[in-house]
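Hi,

Here is the structure I promised to pass on. My notes follow below it, with the cut-offs spelled out as they come up.

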Amino acid sequence: MNFPRRLAVLGMAFVVLFSLLFTRLWFVQVASGIMYEEEASRQQLDADRTTAARGEIRDARGRLLASSRIVPEMIVDQAAVAADEEEALIQQISALLDRPAVEVRALFEQAGPATQLSLGMVTPEQMAYVLKNAADFPGVVVQDRPIRVYPEGSLLSHVIGYIGRPSPDDVAAAGPDLDPNGTIGKYGVEKFYDEYLQGERGTLLYRVDPQGRPLGLEEELPAVQGDTVYLTLDQGLQRQTEFAVNEAMILSRELEEGNPELAAAVVMDVTDGSVLALYSYPDFDPSLFVNGISQVEYTALEERNVFTSLPIQGAYPPGSTFKGITWAAAINEGLYPRGIASPSGTINCDGELDLGIDDNEAGQLVFTDSGHGATDLHTALGESCNVYFWQVALTIWREYKNDPENEDILQQWARRLSLGEPTGVDLPFEKGGRIPDRALYEEWAASPQGSLLLSPDRFTEAIWRGGDIMGIAIGQGDVLATPLQMAVAYAALVNGGTVLEPHVVDQVISVQGDVVLDVGRRVARTIEFTEAHEQFIREDLTRVTNAGGTAAAAFSVMQNPWQTGGKTGTAERDASKDNTSWFIGIAPIDNPRYVVAVMIVDGGIAGRVAAPAARNIMQYLLPNEPVTPVRPGGAATPADATEDGS
Amino acid sequence: MPLVDGSRVGAPGIVADRKRPGPDVTSFVVMMALISVGVLMIYASTREQLELQNLDPGRLMQRQIIFAVIAVGVYVAGSLLDYREFRNYAAWIYLGTLAALILLISPLIPAQENVKRWIDLGIFQVQPSEFAKITMVIVLATVLAPARQEGMQWKRIVQALFLVAIPALLIFLQPDLGTMLVFAFVTFVMLFAGGATWKQMIALGGGTVGAVAVVFQRGLLKDYQLERLTAFYDPSADPLGIAYQQAQSVTAIGSGQLTGTGLFDGALTNLRFVPEQETDFIFTAVGEQLGFLGSALVIAAFVVLLWRAFVVAAMARDRFGSLLAVGIGSMIMFQVFVNIGMTMKIMPVTGLPLPFLSYGGSSLLTFAFAMGLLNSIWRKRSPVPGETYIV
């Protein structure tokens, strides 16, 4: 090979190499240039998210229940603190905030390096000092931070709920729009409507140098405050409800009826399901959670059942209040005691009911109650006659025991009226109570705890028997219901058969004033009642609160007790405990508008404890009725009641 | 002057046309254009940073302009020297270079950031390994040129390899892997151009691969040496690592897209998102600001220089001149390919500057002198094609 040819070979090789460069250059700059340009822009920008103020919560009249206030908060950006500066900084902070250096150091260590650490709120003086002596506080910034304010303290606490730091699960679920150092609703409306209350975080876009140091603000997308949630509840009515329940608890002790430590009340509009008052005792002040609550404090509160919202979570035997449901089953299905064909047919109640082996399949049983004499369906409800409703249960047993489809006809009525499953209220953690039937007992029998849940004879003899229906008919046995469920059921009984999904929120309105969400009337299902039902339901409920009725004494103080109706319930929970005192009231009864459910756990006789409280609330609701005290000698209204209450 | 191979010696008019051939204007213009682009790019990539340090933003650019003026002088000097004289002084040049390289790794010269690459002369620093490249080309051309008459025996090859190995090893000890690779590449190319057979080339290639394999397999290199082999020469100035540097480099070039961001409007260049930008990564400044069109033009300029080197090699009046031209051309070619390839992530980061563009006097002066030599060979060519000097 001569020299020119060798040059040619080398030249060819070099041409190949340079072609490679040109190709790669084309690929990098032209074919994928846009991608690299985006990467270049990304590197030059750094985003800081700003926290949005949480939306307000207001009552039905627009009165403020929860708001956000902007306070200066001291933040340490640990990434900006050199290792050798840290100790000096801790000393400075310790001196400024008057907190032990050990505590501040612990905060630093807890937060870990390269994270932003909040030292909590600072006073304007402290803020000014930091700004003036910026050199002594490397990495320290004072940021405006919205904090939650609850101007009414513990009022409505179980509806409002509380907020807290998001859990890792919350952060994972919400994605980048949730500030991991921010807050999230943990309970109540704060939780259920968190997506509306949260607001939208803002973004500050900075141009940065290669070391990430900010060079200037590029763009600012301001944070958008969360929407305002308007409750259906009314502050004035709530105060009256809370007062009435607390008075009833005192009354229970005064009368030595019981020693109640738990109580609940709910007031609902029977026409649209708006919850107008919802009270659970004991309650709490949501402000406790604003700056975080210690585990010890939280546990102490939890042990007192402070975080159980009894109106929606307190599932207890409803006792005789369940008779309203049995009444409806009887009159709508024509299920009357043996030998009777109409609601007006009477039995003779001598306070005893003997059952032969044929009727119960579990041997001879004697049920006892006070005697009511000649009793028909109407007086049975008014006087709360167990014997009559037991007889109704026996009729069901006799007629349907060989009909698996309909042996639970009473339970079907209960379920239709919202018992046995959550009502669908717009609050978290609602419980559904329990309506027992053969399937439930079979399930229990098959479960590992079967022998604890059921008596031994259930396993050897019949698992489901007539006596069980008798128990259900008077709201005992294994029946459990929450006050809200009872309120929804009674609302349906008197409103023509509309089973409503209750709601505590009326509307959600954005800061611009647009209606973001209108909860409105929500119907779970409707029930076709018979003419007899419509004819007698209001009349029979009125019997309870008037002469001869179980709550007559409590309502006799009213100018016109005839405009009220309701049902008492004195439920046995456990032989060792006092009775649970229930009252479900309807007002005004001729044109039903409100249902009031009161439940005093360990309260005692319903007519003496729960009924006066319900009456007091109903008096407050009825425009032409003066409010009278729950307990003799007590006040009629709370001391801090506002004039615009009713 | 006696002539051989001149088939048309007796042709009428030839003697009358014989006048001193002119210089290679094309390569000079292209070289000056590349140096000018380099000066602009150095300014673009250093001004904001210098300003931030309250220094004259044109500081580095001005130094490079001074180097450029000296470079023109060096070019002219190289052009005016008769390249053939270098054959006579090759031994002295070689020994002088070795002395400088030994001095560099001796304890007399303090290390700068773990490497010994510069001799500080007060007002500026000299990088002897840059000049050693020219020495190597001259020595190889001297040793290999007689092969034209005598053929390329193994004895000559071994002699050439031995002579290259000593400075290469000294440079490796600095350590400066990039320059050592230039030595290896140029040696291979010059051996091939000088007349080595395919068999010899394959044997040499196989031997090299084998030797490298043994070095790695036996773990003859310590970890830090491996790191130095692979890592950029100055890890302390690049705390974020080479992968980051190369990623930044590709991003900067890519973001230039077709037409670039415009001169002095490169955001990444202005804010120094690419470490070492004014030296080894100067091509990223071209890529971002001038885009594909400008970058391709710069590479095309190097192709023109390479083409000129090959024309000079073909037209040289003797084998020594031809081999010098091939050596100079392949040296430029290799550094351009490795450097630009490195900025576009198709070659590893080795720390070789981009000829004529990168900031730094030693490199600029070396390449200017090489271009001057090329011009000298061109000027000594015969106006009659094929006419050659004997010996």
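Two residues count as in contact if their C-beta atoms, placed from the backbone, lie within 7 Å. Among the contacts in chain B between residues at least 6 apart in sequence, 75% join residues at least 24 apart.

A word on conventions: this is a predicted model, where local features need pLDDT of at least 70 and side-chain atom pairs count only at pLDDT 80 or more, while totals for chains, interfaces and linings use all residues. Residues are numbered from 1 along each chain as its sequence is written, and chains are lettered from A and ligands numbered from 1 in the order in which they are written.

Chain B has 15 helices and two strands (DSSP runs numbered from the N terminus: H or I of at least four residues for helices, E of at least two for strands). Of its 391 residues, 48% are buried, meaning that 20 or more other C-beta atoms lie within 10 Å of a residue's own; exposed is 12 or fewer, and partly exposed is in between. In helix α5(B), 17 of the 17 residues are buried, so this helix is largely enclosed by the rest of the structure.

The contact between the chains takes 36 residues from chain B and 28 residues from chain A. On the chain B side, α13(B) gives the largest share, eleven residues.

Chain A has some backbone details worth a look. A cis peptide bond joins Y281(A) and P282(A), with omega about 0°. D98(A), not a glycine, has a positive phi of about 60°, and D98(A) is exposed, with 7 other C-beta atoms within 10 Å.

Best wishes
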